[in-house]
Amino acid sequence: MRISVIGDRDTTTGFRLAGVEDVHTVASPEEAMQKFREILKSEDSGLVIITERLAESIREEMERLLEKRSFPLVVEIPDKGGAIERKVDPLNELVRRAVGVEIKIE
Amino acid sequence: MAEIIEGVNPTRMELLKLRTKVKLAKKGHRLLKEKRDALIMEFFNILEEARGARRRAEENLERAFKALMLAQTSLGTLKVMECAYSTKPSPGIESYTRSIMGVRVPVLELAEVRRGVLERGYGFTDTNTQLDEAATRFEEALEAVVQLAEVERSIKLLAKEIESTKRRVNALENVLLPRLEATVKYIKMRLDEMEKENFFRLKRIKAMIEAREAA
């Protein structure tokens, strides 16, 4: 299956050096979303690597498109500026939902 | 007091049927609870792994970006990009699924991405070791990122499964079971009531017959 990278120029250059063929250099989240849609059209897509800074504002939209699909996997990576501060740690959020407050249905 | 299930006839047959239903619901409840607990344990095991994988990927990427910057300063951004686009593409990933407590999670297998200097495909007369270093670092980072993707997806799927199992446990515990039990109680009461009525009726009739015979 194919690996795709969506990111800024340095990220795509780096991954291209590592042998990833399907790289998309984008400047804005909107552009990233458009590329993401294009990637989703292919059945062969196995993994999409996207920088956190781009993913931040289109995360919900991406997740909606991925619902009911087991592939591709999407992974967010820090770009050359390093990891960004998140309001909620996504892992902690998962923990809270999985083992946190018991939901009671009356 | 939970409400009773509507439309049941207070008969002995219904009572028996309901009792088996209660038994089944209790068994299901116990099994689901066990499943939930096992899932949560599995979840915490993977959680540690996920935190480690993220840290590793971030460290690897940081090193890779530093190496890339060095290559860019020594060769120029354009030259680096040119080289990047002339590298041979490496094969993609293979994927399988694995089952953790019945949850299908993906396993990604990355073909060998670490390559020697000669295998990359860019010329080496006008490039330098900084570029090779950057490429090596990004190959390492790619491995770490692929692993991260796999673990993060697994943990998300597990969390989802835990949530739905929990919901089912709660639905059984707080809705279905009380309702079934209330209905059982209601039918028992009605049956007792009917029995009492019948008994009294028999007594009355007996008294009437005796009175007639005495007359």
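Chain A has 106 residues, and 52% of them count as buried (under 20% relative accessible area, 1.4 Å probe, protein chains only).

The model is predicted: local features need pLDDT of at least 70, side-chain atom pairs count only at pLDDT 80 or more, and totals for chains, interfaces and linings use all residues. Residues are numbered from 1 along each chain as written, chains are lettered from A and ligands numbered from 1 in written order, and side-chain values use heavy atoms, without hydrogens or water.

## Fold

Chain A holds 5 helices and 4 strands (DSSP runs: H or I of at least four residues, E of at least two, numbered from the N terminus). Their order along the sequence is β-α-β-α-β-α-α-β-α. The C-alpha trace spans about 55 × 30 × 25 Å along its principal axes.

## Largest pocket

A pocket is an open set of points on a 1 Å grid over the protein atoms alone, where a 1.4 Å probe fits, with protein on both sides within 12 Å along at least five of seven lines; lining residues have an atom within 4 Å of a point.

The lining counts 45 residues; closest to the centre are Arg59(A), Glu63(A), Pro90(A), Leu94(A) and Lys156(B). Helix 3 of chain B gives the most, with 8 residues.

How values were computed:
Buried < 20%, exposed > 50% of the residue type's maximum accessible area, 1.4 Å probe, protein only.
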